[in-house]
Amino acid sequence: MFENLQERLGAILNGLTGRGALSEADVSAALREVRRALIEADVALDVVRSFTDRVREKAVGATVLKSVKPGQMVVKIVHDELVEMLGSEGETISLNAPAPVVIMMVGLQGSGKTTTTAKIAKRLTDRQGKKVLMASLDTRRPAAQEQLKQLGEQTGIATLPIIPEQLPTDIARRAVQAAKLGGYDVVILDTAGRTHIDEPLMVEMADIKKVSSPHEILLVADSLTGQDAVNLARNFDDRVGITGIVLTRMDGDGRGGAALSMRAVTGKPIKLIGTGEKMDALEEFHPRRVADRILGMGDIVSLVEKAAATLDQEKAAAMAKKMQEGKFDLNDLAEQLRQMQRMGGLGGIMGLMPGMGKMKDQLAAAGLNDKIIARQIAIIQSMTPEERANPDILKHSRKQRIARGSGTDAAQINKLLKMHRGMADVMKAMGGKGKKGGMIRGLV
Ligand code: GDP
């Protein structure tokens with residue numbers, strides 16, 4: 001999987017990385033190629049469009065880092081957006097519920113549902129020492145219950161005894177009950193599939209969900225079916241609600257589109273991938289690793305990451321020096337505010353500091369939120385370099401001009417200036433004592 005895409009993207013981006021300078025036209029041309037490659041890999045059209053839009057936006061606004069060529073920067077941006085598209089954080093099966101944790105498997109016939117049920121059971125047993133019970137609720141296909149039983153015998157996992165003619169919902173109840181009585185940690189319900197989605201199937205799934213209260217509902221989808229798999233996921237999610245996706249046949253020579261657009265289209269994570277017929281051919285899905293594999297440019301990505309870290313350090317050192325000298329003008333304030341935005345706004349910064357939830361409330365109460373940060377940056381951008389370096393010269397007429405330029409009013413400009421004075425005072429007071437930080441305190 002992904003081989004074709006890998007080759008195409010490799011060729012396009014290699015053409016960029018060696019170049020010293022890149023024009024916007026160069027980037028646009030490369031992105032057109034990227035777009036074509038993704039569409040040919042069967043990635044959903046909407047996903048491709050928003051992907052290339054975001055890359056373009058970031059590439060245009062990117063700070064050019066020392067020791068990094070613009071083309072390398074573009075590779076890093078493509079990489080990061082790819083990770084984002086695939087789901088950023090890898091997620092796996094959650095067992096975070098009272099035992100027995102119910103996992104319901106849904107999907108079309110032939111997608112690999114029964115095989116995956118046994119694979120998951122084996123994985124939870126072998127790796128997490130869980131006691132797992134499997135039950136087949138497939139009363140439509142005569143051999144289905146027998147198939148699961150055999151897989152159970154093969155892997156040494158317990159299966160619910162078969163009672164002929166029992167209804168799927170009754171089997172589900174019995175399975176949960178047996179798991180409770182037998183002291184099982186997990187019970188996996190392998191439901192019946194159809195060749196295509198139909199109303200009776202959805203009703204059956206909803207009924208089973210109702211009687212078994214599953215903690216996880218995993219859709220098993222065949223990655224070789226490309227966009228059909230994505231539409232299937234959307235349908236199942238709308239009707240039954242799913243908590244994650246298992247993509248099977250990732251060992252096949254599919255184009256990869258399903259894997260690439262699944263998360264973006266459905267909002268649900270790919271939790272596992274099936275990579276073969278054997279019982280241990282099941283892997284976790286790591287967006288970053290997949291992106292690395294597709295781009296095959298890990299060296300460039302880490303080079304840019306290092307350069308960015310160095311730049312941040314240099315900036316921080318320069319800022320600390322200014323603070324100590326009691327110099328902190330509006331350029332510095334804008335830089336601080338931008339840094340906050342880069343870290344994901346107030347929420348992002350607070351998320352990085354343990355126990356900061358309360359602080360965030362305080363800042364919100366003091367009237368500082370992400371929208372205001374953006375507005376403050378706009379105000380500073382509307383000033384001349386002279387005004388930024390020397391805010392004391394800002395009198396009435398200048399303020400009027402800045403208000404017009406930034407779409408704000410004099411009151412908001414005064415608020416910003418007051419905040420800046422407050423911060424500068426705090427910093428002056430701290431100057432020379434070698435203390436760090438104070439940024440947040442200064443803001444409030
Ligand atoms: P179900 O009808 O959805 O329960 O599908 P099955 O579990 O019976 O699987 C159908 C076929 O697909 C079987 O021959 C499996 O061995 C095969 N299969 C399942 N998952 C994978 C996978 O990840 N890779 C490959 N190559 N084959 C798989």
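**Close-up views of a predicted model**

**View 1. Strand β7 (residues 270–274) and strand β8 pair in the antiparallel sense, with three bridges between them.** This view, like the others, shows a predicted model and should be read as such.

**View 2. Eight strands form an open sheet with mixed pairing.** Reading across the sheet, the strands follow the order β3-β2-β4-β1-β5-β6-β7-β8. The two ends of that order are the edge strands, β3 (158–159) and β8 (282–284), each of which pairs on one side only. Of the contacts in the protein chain that link residues at least 6 apart in sequence, 75% join residues at least 24 apart.

**View 3. Strand β1 (residues 101–107) runs parallel to β5 and also pairs in the parallel sense with strand β4 (residues 186–190).** The pairing of β1 with β5 is made by five bridges, and the pairing of β1 with β4 is likewise made over five bridges. On the β4 side, the bridge partner of M105 is D190; on the β5 side, V106 stands opposite L219, while G107 has V220 as its bridge partner. Seven of the seven residues of β1 are buried, and the strand is mostly covered. This burial holds for both directions in which the residues point, with V101, I103, M105 and G107 one way and V102, M104 and V106 the other.

**View 4. Strand β5 (residues 216–222) is largely enclosed by the rest of the structure, because seven of its seven residues are buried.** Both faces of β5 are covered, as E216, L218, V220 and D222 on one side and I217, L219 and A221 on the other are all buried. Besides its pairing with β1, β5 pairs in the parallel sense with strand β6 (residues 244–248) over five bridges. In this second pairing, D222 stands opposite T248 in β6. Together with helix α9 (residues 227–239), β5 and β6 make a β-α-β unit, and this unit is right-handed.

**View 5. T169 lies in helix α7 (residues 168–181).** Is T169 buried or partly exposed? T169 counts as partly exposed, because 16 C-beta neighbours lie inside 10 Å of it, whereas a residue needs 20 or more such neighbours to be called buried. When residues up to four places away in sequence are left out, T169 touches D207, I208 and V211. The chain also brings T169 and K209 to a C-alpha separation of 8.7 Å, although these residues are 40 residues apart along the chain.

**View 6. Domain 1 (3–88) and domain 2 (101–285) are two of the domains assigned to the protein chain, and residues of one are in contact with residues of the other.** The domain assignment also gives domain 3 (325–443). The contact between domain 1 and domain 2 involves ten residues of domain 1 and 13 residues of domain 2. On the domain 1 side, α1 (3–17) and α4 (70–86) each supply at least two of the residues that touch domain 2. By type, the touching residues of domain 1 divide into seven nonpolar, two polar and one charged. The C-alpha centres of domain 1 and domain 2 lie 36 Å apart.

Definitions and conventions: Residues are numbered from 1 along each chain as its sequence is written. This is a predicted model: local features need pLDDT of at least 70, side-chain atom pairs count only at pLDDT 80 or more; totals for chains, interfaces and linings use all residues. Domain bounds come from an automatic or database domain assignment. Two residues are in contact if their C-beta atoms, placed from the backbone, lie within 7 Å. Helices (H or I, at least four residues) and strands (E, at least two) are DSSP runs, numbered from the N terminus. Ala, Val, Leu, Ile, Met, Phe, Trp, Tyr, Cys and Pro count as nonpolar, Asp, Glu, Lys and Arg as charged, and the others, Gly among them, as polar. A residue is buried if 20 or more other C-beta atoms lie within 10 Å of its own, exposed if 12 or fewer, and partly exposed in between; C-beta atoms are placed from the backbone. Two strands pair if DSSP finds at least two bridges between them. A crossover is right-handed if, with the strands pointing away from the viewer, the path from the first strand over the helix to the second runs clockwise.
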